Every structure is written in C-alpha cells, then in structure tokens.
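Please open the model in your viewer and keep the sequence panel at hand.

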Amino acid sequence: MSSITEQEYKLKIEELQKEIEILKKKQTEKMKSERYGLNWIDVPEAFEKESENKIPVLKEDKGKAIKNDDGKPTHILIEGDNYHALKCLNYTHSGKIDVIYIDPPYNTGSDGFIYKDARFLEQYPDGTTIPKEHPLRHSTWLSFMSKRLKLARNLLSEKGVIFISIDDNEQANLKLLCDQVFGENLFLGNIDWESKTKSQNTKTAFDKLQPKVEHILVYSKRNHFNLITKGEKEYPERDEKSEFRYYKIEVMNASGVRGRETMVYPILGINPPENRQWKWGLETIKEYQERGDLILLDGEPTLRIRPEDERNEITEPFWGFISKDFGTGESGKKQLNSILFPVDPEFETVKPVELIKKLIFHASSNESIILDFFAGSGTTMHSVFETNKSDGGNRQCILVQQKETDSNICESITYERNRRVMQGYTNSKGEEISGLGNSLKYYKTDFIGEHSEKLASDEDKILLAQKAGCLISLSENTLEEIKTTEYYQLYTDGKKLTAIYFNEDPEMFPDFVEDIAEVSMNSTTTHKTTVYVYCEGNPEIYENEFDDLTNIEIKAIPHPILQIYKTLNEAL
C-alpha cells in the first residue's frame, strides 16, 4: 500500500466532496424528471486485478467433488465473488431458478461489510469496512446490492420467488431498491422472523429498545404458495345425492370498508340482523336454492355443502410471521457449531435449517432449483437436503460464496458443513449422525483472455470456447465429464449427452462424432445429445456430420456467451 501525505489526503477529500456535489446536482435533476423512487450516489466497485478486462468462466475443483450413486441430485457450490458467479449463471440458468434465498450483509457498521471503492483502490487495495458514520454508508451498500439483484432478476423462472433477509439498518432502502429492480407490483410481503429470544444485558444495551425480529422481503410473479395441510373437511350427512355437511349461513358487520348493500337481502324470508350483512352473495345462494340445497334448519338459513362445492383440505396459511419455533439466530449458530465440532466457525449469525426449509416448502416444487448467492455457512443447501428427504423431492441447490478470509470460508465452512451433512459426522455431543447422501460439484470463478467481452479478440474467443466446458455442462445439467481431449469434451447425466467441440481446427471432428455415436450405442437409455461447436456463423452447417445419429441439437460457441455478458454490462 503506497503512503500519502496529509496534504495529499486533504486534496483527495476535497476532490471527493466536489464529486459528491456534482453527483448531487445530477441526482436532483434526475429526480425532478423521474417518478417517486430510490436515488443514491452510485459508488463504483473495484474487483481483483486478475478479473479486470477479462471474461468470467467457471473452473471445476475436481478434488472436492462428492459422488454418491443414490439417485439424488448433484448440487453446485461456486467459490468466488457473487458478481462474477451471477454473470456466469446468467448464461447457465437464465429463467431456470424457482427459489432464491439470500442473507446479504446487513450494513450494521460492525458486520464486516467491505466495499472496494474504485476511486481509492490505489490507497486502499483491500477495501475497507463501512462504519455507521461513513458519509456514503448507504450508497456503497445500495451500489453493491443493486448490481447483484439485477443479475439475479434474470435467473428467476416465471413462477420464481426471491426471499431476502434483512434487518432495520437497510430494510427501508432494500424495499425501495427491490421495487425498482423487480417491480413494486411483484412485492408480495414482508415476513417478520422471530430471530432473537435473548436480550443484550450489557451496561450500554440493557435499557435500550432491542430488536426481536428480522425481515424477509418477498418478490415474485406468482401469488400462490404451497400450504401445510392440517386435515380434511368431514361430510357426516348423506342423502340420495351424496354426502354433505350442514352450514348455517353466517353474518358479518355491515359497517366499514367491507360493508356492501348487495349483501343485505332476504334468504328464505329472513333478513340479517340490523347493521349486519350475509357473508355469502346472492348469486351463490341462488345456486344452492335451485339445486335444493338451501333449507331452514332450526329457523336459520342453512346450506347443504357437498365435497365438490369446496376445497376439502384444511390448510394453514403462509403467515407473514415466522416464530422462534422454526429456530432463531442462536439455535442456527448452535446447529452449525455442532456439525463442525471441534472446529469453531466463529459465525455470530446463522440462519436455522427449519426457517429455510419452511420457505423452500412454501415456494418450491419437487424438481425446483434453489439458489443462494450469499451462502455463508451453507444453511440453504443443508435445508434443501432435509426438504428432499422429507418429501422425496429432487430439488437442486446452487450456492455461491467467496473466500472472504485467509482460511477460505467457502472451503472451510460452506463446503465442509455440507460435506459432513452428506457423508455423516460426529456432533458436539459425541453422537453419530448419518449422512443424507446427494452429490456435489465444486467450482471456482475463473477469468480468461486479455480483454472484456465487449472488446474480445479472436484469441479471446478461442480461449473462451476452450474454457467454457463447465459453463456449458452446468447449463445442460450434465455434470459428469466422461471424456476430454485437446479438441473436445463429453459430459452426461446418464440420460442426456453434452458434446463440445471447442477447437477451431476441425481435424478431429470425425473422432468427435464417432465418440458421440459410441456413447449413444452403449447407453441403456435413449440419449438426447446437445452438440456445441466452435462456430462464428450458423452451426447448422454441421448437421450433415450427424446424419447417422438421431435426437441431435446443435448450438454455437462462444458467441452466445459473449452476447449474454455484453447485454448484462449494458443493463448494469
């Protein structure tokens, strides 16, 4: 780190203040021309030098792969900055993610949130924590979150849901930011989670207002969730038509916003009491009357309700409050410590498995893909294992976690926690806990070429094609590499084959086709084969090479990858 004099430091501060004033004027002009919303001073983010002006890809760390032939899904753990990982996932998983759960830094001033301000990288190459009194405290956090949420938005499927944990430090700002990124009309609600049961009894905190809940913001195009079934309605009566139950038509208050004159009418000559109204509309009552299922019972209007008239299940709502019964920050920490015992992970705040299981249950199907790009201790993947175990599902989980410290949190905590859960471990009480199975692939973000995707040279394109195997196999979810040569790669999941000819020299193309044919011939199932070829134009020119094979789809590389990255950069 180069040293600077006090005078130089003052000049830098003055330059920054001038820049802030200029930006304030621009923001004011912008605010006058735009509708209501959130505005902040955008603080440019700097990344490691190895990633500057290069193209992001994924590289597998094969030594950390976990393989179990148990028919359960193969899950994904990506080590690296989530900004670069999300760019890669925009190629592999655009529109494929059904559930995103994230627990980003809360920007409390003491939670270790670090942001690399590109303007001062020379003086502060390692970034700096953002204290509460920092003049750009909220702007740095919003700049950091905005880019990542925009990248995540593209990943959500049509029924996709994103859950974002936050506390009071940034909850208001996050709500407005998400309204901008996802659309205010997609805001479904704010879940309060009872995260604490113990108060701080220090001299400075015991008599303060102490928070008891954290928030989980929910955004989605869908507005219907899976519900817990608590039982079924009973139909104890029977007549010549079918079984039924009696229901005496109820009344409700006719005043206030729910009061409607149309709900005040006679039923079999009986009107509701004064200032009250029927709960059921006239048209519905007429339907029951016409079919003979409206009667007077004990002098009160009563319906015969049959199974086909209603939803038979008795369900529990998906409430916007989750109690301590689903775990707290303290219980989440104890759970993690017990799994990693005797190592102390030194995580102060950990989400409990039962909390994330509940969110996954309500928002996912058995085949959903779940993403967490602030993975931390890896609770989300553990929760996916447990959810699949409880209902026989095949949900797949993708985690992203950067190294953060010299001990590499991603490897030593995120990976190690889930490895033990998969393979079994001895907990802090000395009890042997059986493994849950499943398989896992471990990737790292990597960077290739000498230019950004916008300025990619021919050499960059060739190198991208050669290094795109992990991206492509992940996109196709064919994660098992079965052959790699200097010219091509083959991946499978046992049912599908992904074949990549990444070399610009077509010399070995006949061998490539022959290997594809051999895999298909020896397969016990019908293979669909997706072929990727290095091609600047239309890949269909290669169709005649596969005349003797069926169920073949041909795609080009590397142009589609570059195009997605370019589009992302323009949007950000």
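How many bridges join β14 to strand β15? Select residues 300–305, which make up β15, and you will find 4 bridges joining this strand to β14, with the two running antiparallel. Before moving on, a word about what is on screen: this is a predicted model, in which local features need pLDDT of at least 70, side-chain atom pairs count only at pLDDT 80 or more, and totals for chains, interfaces and linings use all residues. Residues are numbered from 1 along each chain as its sequence is written, and side-chain values use heavy atoms, with hydrogens and water left out.

**The sheet**

Now widen the view to the open sheet of 4 strands, ordered β10-β11-β15-β14 with antiparallel pairing. The edges are β10 (237–238) and β14 (294–297); each has a single partner strand, so one side of each is left without a neighbour in the sheet. Strands here are DSSP runs (E, at least two residues), as are helices (H or I, at least four), numbered from the N terminus; two strands pair if DSSP finds at least two bridges between them.

**Around β13**

Next, select R276, in strand β13 (residues 276–278). R276 is partly exposed because its relative accessibility is 31%; buried means under 20% relative accessible area, exposed over 50%, and partly exposed in between (1.4 Å probe, protein chains only).

Step back to L268 in the loop between β12 (251–253) and β13. Its phi is near 50 degrees, a positive value in a residue other than glycine. Most residues other than glycine have a negative phi, and most peptide bonds are trans. L268 is partly exposed, at 35% relative accessible area.

Go to G329 in helix α6 (residues 329–340). Is G329 buried or exposed? With 17% relative accessibility, G329 counts as buried.

In the loop between α6 and α7 (353–363), find P342. A cis peptide bond joins F341 to P342, with omega about 10 degrees. The loop between α6 and α7 also holds E346, whose phi is near 55 degrees, again positive in a residue other than glycine. E346 is exposed, with a relative accessible area of 64%.

**Last stop**

Finally, select I557 and P558, joined by a cis peptide bond with omega about 5 degrees. P558 sits in the loop between β27 (552–557) and α13 (559–571).
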